[in-house]
Amino acid sequence: MKKRMRVLASVFALSMALTTLSACGSGSKDAETKNADDPNAKDTITALLPPVSANFQSNFDQMAKEFNEKYPNLTLKIEPASWEDMTQKLDTQVNAGSPPDIAFIPSDGIPKYVDSGLLMDISDTATDDMIKDYDPAPLEYMKNGKGLYGFPAYMEAHAIGGNKEYLEKAGIDYKKVQKEGWTFDEFREAIKKGVVTENGKTSRYGFVFATAGVTSKDYLDILVKSAGMPSAFNQDLKYTYTSKNFLEVLKDIRVMIDDGSMPKELSSIDAGKRWNMFLTGQTMITGKGLAGFERNAKENNEKLKNKDASAVKGSIPVEYIVLPVPSFAGAKAQTRVAVDGYVTFRGTKEPTAAHKANVVKAANFLSSGKVAATTNNELYVAQITESSRKAAESMPVDRDPDNKAAIESMLTHAVPARPDIPTDLGAKALKLEDEVIVPKLQALIAGEITPEAMYDAVKSAAVQAFGDDGVVKD
């Protein structure tokens, strides 16, 4: 908040100075002042965009051309960035007070930039027709407090994925699971059937999830969503990881390793290794599973068929089956999702009404209709606007219809956004996660501590962070 106040103070001082020095402005934003309220004046909107899909960046010229055809007075100027340098580039521009008008980032990055004072709330500018086009759930993820800070591009379900042949050999009715879900007990029995042992050595595990380093955060976070803990805070803003359900999840994490369904060296398996294990037939089910994995498996199958040397070494043909995460402790399954989108920024100077409206038009153009349909089809993720669903009707996609239906079903019970959680509480929860939960989880997976010891450590740290009345007691 102090940082925001400093920024606002700077904005006020800068505005006063520009009252007498308006002719000295520089950059595209300052140049607009002459036509401040003319919606038909020429304007340029800048965007910093990473390679969202395989062909996304190669379509930039076409996207800019079609945007200009739709809005002849507007120019969309796109700067490409790699995923590796996206954050650094954006932060550099934000810290210099001159961010792009639009940047593609995960929605969970919005609080960070709201705190900088340079995100642009478009809730007063986005039209009703624009808002109605988006599915409500992903749109909520672009909010912070009462502000709307851009438009969502997609909502990706975090699931798990199975090898069709192995699931069938184990007698698992995966189509029923896709439609109805499963409890942890049902899941545990299934993955035990997937284990293959030869000469006393396990050649195939039932389940492998990447848990090395920070990926362990994903593992735990995905599981607790379906244990009645969709957020780190309940609706009364009490910290939830002190719930007894959390202890049940920790016990279940350990038991899958102890009974041999998961590798004892699970804590050393990163995302690349667990995907390699899946493609080489060393596990029946893998996690986390993303919709694009179906495409990746198909591409590797094609390479094997064509004897392409770039196929994964030792891999086998695999039909990838989307599966939901099981439910825990009698709770209702809820799907963890990732919502990424086009976030709107302002400079240190208050944008003109016309420029703000133009930025909203560009963000809406990128996140809906043909652009969104093309991008989301490449990613195998669901369309989240009516306009992109309509545009996608003429775009054939070689996708398993049962997988597509399973993802769409999971998204109907996606974890809702929580824009009501105050920034300071969220920051405390992240600190507790980084300093206590992740290290203890890695120790639990490695067999160095018990579930009870981890639960007690997290509970003690939570009470210290949020107070005795600030945590869930059940």
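How many cavities of 30 Å³ or more does the count come to? The count is four.

## Ground rules

This is a predicted model, where local features need pLDDT of at least 70, side-chain atom pairs count only at pLDDT 80 or more, and totals for chains, interfaces and linings use all residues. Numbering runs from 1 along each chain as its sequence is written, and side-chain values use heavy atoms, with hydrogens and water left out.

## Cavities

A cavity here is a set of points, on a 1 Å grid over the protein atoms alone, where a 1.4 Å probe fits but cannot get out. Volume is the space filled by probe spheres set on the points, and the largest cavity holds about 70 Å³.

Its lining (residues with an atom within 4 Å of a point) takes in His158, Ile222, Ser226, Pro324, Val325, Ala333, Gln334, Thr335, Arg336, Met410 and His413. Sorted by class, that's five nonpolar, five polar and one charged.

## Rings

On to the aromatics: there are 23 aromatic pairs, counted when ring centres of Phe, Tyr or Trp (its six-membered ring) lie within 6.5 Å.

Elsewhere, ring pairs tie Trp182, Phe187, Phe207, Phe209 and Tyr219 into a cluster.

## Charges over rings

A charge sits over a ring when NZ of Lys or CZ of Arg is within 6 Å of the ring centre and within 35 degrees of the ring normal. Arg204 lies over the face of Tyr166, 3.4 Å from the ring centre. Arg295 puts its charged end over the ring of Tyr380, 5.7 Å from the centre.

Conventions. 1 Å grid on protein atoms, 1.4 Å probe; cavity = no way out; pocket = protein on both sides within 12 Å on 5 of 7 lines; lining within 4 Å. Nonpolar A, V, L, I, M, F, W, Y, C, P; charged D, E, K, R; others polar. Phe/Tyr/Trp six-rings, centres within 6.5 Å; stacked < 30°, edge-to-face > 60°.
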